[in-house]
Amino acid sequence: MNTLRTSTRTSLLTTLFRSGAVIVESATSLVDDQLFPEEVGYLKNAVPERRAEFGTARVCARKALAEMGFAPTALVPTDDRAPVWPAGVVGSIAHTRDYCAVVVHRSPPMRAVGVDAEIVRRLEPSTIELIATPAERARMYALGDVLTDDLPILLFSAKEAYYKCQYPLSKTMLDFQDVEIRLAPAARRFEARARKPSLPECVKRLEGKYVFDRGLVLCGVELSE
């Protein structure tokens, strides 16, 4: 049996969320023997890397929920691949190579939460054009040497965290160009504004935080009552 070693509140990820959030992190590994039959069935055609990411996230999520008093249960996504949480809980999952994080919070007071993690790396110019709006690119270049190499992957992660936070409330799929990010590097904060007018008012502008930690960029967005 491969027992997953999870950790609670060990990295700078904890600085991105308010008091009351339960955060569990782990390296990813194959943990098929710790999954519910429904979860194993969901993964029946998945490659080992995908199984490791999915399984690790479920083990981490169950540990986080246990800290909130919830009994272990299967956590199978819906058809849109969004996580399903018990009543009274909002949560979000992030995973990248060798890293997984789960953030859960009581609802109320939280209405939605989004977390993302990306390996810090330089992106190709063609990828930056897909991710960043013209206004974002102009602001990026105006910053000169301040975070220049890391800005594109930071924008990517901030938009992912915003998307995960807004989706449970809007049920709307967004492209990268549908969201515009304004960074406040001195405070390690950002503002995400939707460029799609059809979204609910409550998610059209959300604030988030970010941090660079151990070769990762971590972003968090919350929406409270």
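**Figure 1. Secondary structure and overall dimensions of the chain.** In this predicted model, the chain contains five helices and nine strands, which follow one another from the N terminus in the order β-β-α-α-β-β-β-α-α-α-β-β-β-β. The C-alpha trace extends over about 50 × 35 × 30 Å along its principal axes. The radius of gyration of the chain is 17 Å, in agreement with the value near 17 Å for a compact globule of 225 residues, and 48% of the 225 residues count as buried.

**Figure 2. The largest pocket and its lining.** At least two lining residues come from each of the elements α2 (48-67), β3 (89-96), β5 (110-119) and α5 (151-170). By residue class, the lining is made up of 21 nonpolar, four polar and twelve charged residues.

**Figure 3. The aromatic pair of Y210 and F212.** Four aromatic pairs are found when the whole structure is searched; one of them joins Y210 and F212 in an edge-to-face arrangement, with 6.1 Å from centre to centre and 80° between the planes. Y210 has a relative accessible area of 2% and is therefore buried, whereas F212, with a relative accessible area of 27%, is partly exposed.

**Figure 4. The charge of R58 over the ring of F54.** In this view, R58 is placed over the face of F54, at a distance of 3.9 Å from the ring centre.

Methods. Residues numbered from 1 in each chain as written. Predicted model: local features only at pLDDT ≥ 70, side-chain atom pairs only at ≥ 80, totals over all residues. Heavy atoms only, no water. Phe/Tyr/Trp six-rings, centres within 6.5 Å; stacked < 30°, edge-to-face > 60°. Buried < 20%, exposed > 50% of the residue type's maximum accessible area, 1.4 Å probe, protein only. Lys NZ or Arg CZ within 6 Å of the ring centre and 35° of its normal. Helix = DSSP H or I, 4+ residues; strand = E, 2+ residues; numbered from the N terminus. Nonpolar A, V, L, I, M, F, W, Y, C, P; charged D, E, K, R; others polar. Rg over C-alpha atoms; globule rule 2.2 N^0.38 Å.
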